[in-house]
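Dear colleague,

I am passing on the structure below, and my notes on it follow directly after. Please read them alongside the coordinates.

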Amino acid sequence: MQRERLMPIYEFRCTQCGDFEATHPMSTAPKKQPCPVCGEDARKLFSPANLSTLNSPRARAIDSAARTAETPDVVSGPVGRGRPTPTTNDPRHLKLPRP
């Protein structure tokens, strides 16, 4: 059973029953496999390999972004520039249109 978990998982599509998965060594992966339900030949589907590393900075950034989407961090003040917006005392600026 341990050896089976180390083999890649291939997806196959049966025209009658739909998709199913099977494990095979990379060197002997067939292009067709009998469907486990009806026995008809099913074609192998192309899917990208899962080659990501779990401890990479990119994976940590993605995980962090997903966590903050569900439970955002609590902040104690406004986020953004540290300086307040400058104000003016010029009376001509009161006549300008407001955004």
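Where is the place of Q33? Q33 sits in strand β3, strands being DSSP runs of E with at least two residues, numbered from the N terminus. Please keep in mind that this is a predicted model, in which local features need pLDDT of at least 70 and side-chain atom pairs count only at pLDDT 80 or more, while totals for chains, interfaces and linings use all residues. Residues are numbered from 1 along each chain as its sequence is written, and side-chain values use heavy atoms, with hydrogens and water left out.

Q33 is buried, at a relative accessible area of 17%, where buried means under 20% relative accessible area with a 1.4 Å probe and protein chains only. The side chains of Q33 and H24 are joined by a polar contact of 2.5 Å, that is, a pair of N or O atoms within 3.5 Å, of which, within protein, one must be able to donate a hydrogen and the other to accept it, residues adjacent in sequence counting only if both atoms are side-chain atoms. Leaving aside residues up to four places away in sequence, Q33 touches F12, F20, A22, H24, E40, D41 and A42, contact meaning heavy atoms within 4.5 Å.

H24 itself lies in the loop between β2 and β3 (32-34), and H24 counts as buried because its relative accessibility is 17%. With residues up to four places away in sequence again not counted, the residues that H24 touches include M7, P8, Y10 and F12.

Best regards

Conventions: Helices (H or I, at least four residues) and strands (E, at least two) are DSSP runs, numbered from the N terminus. Buried means under 20% relative accessible area, exposed over 50%, partly exposed in between (1.4 Å probe, protein chains only).
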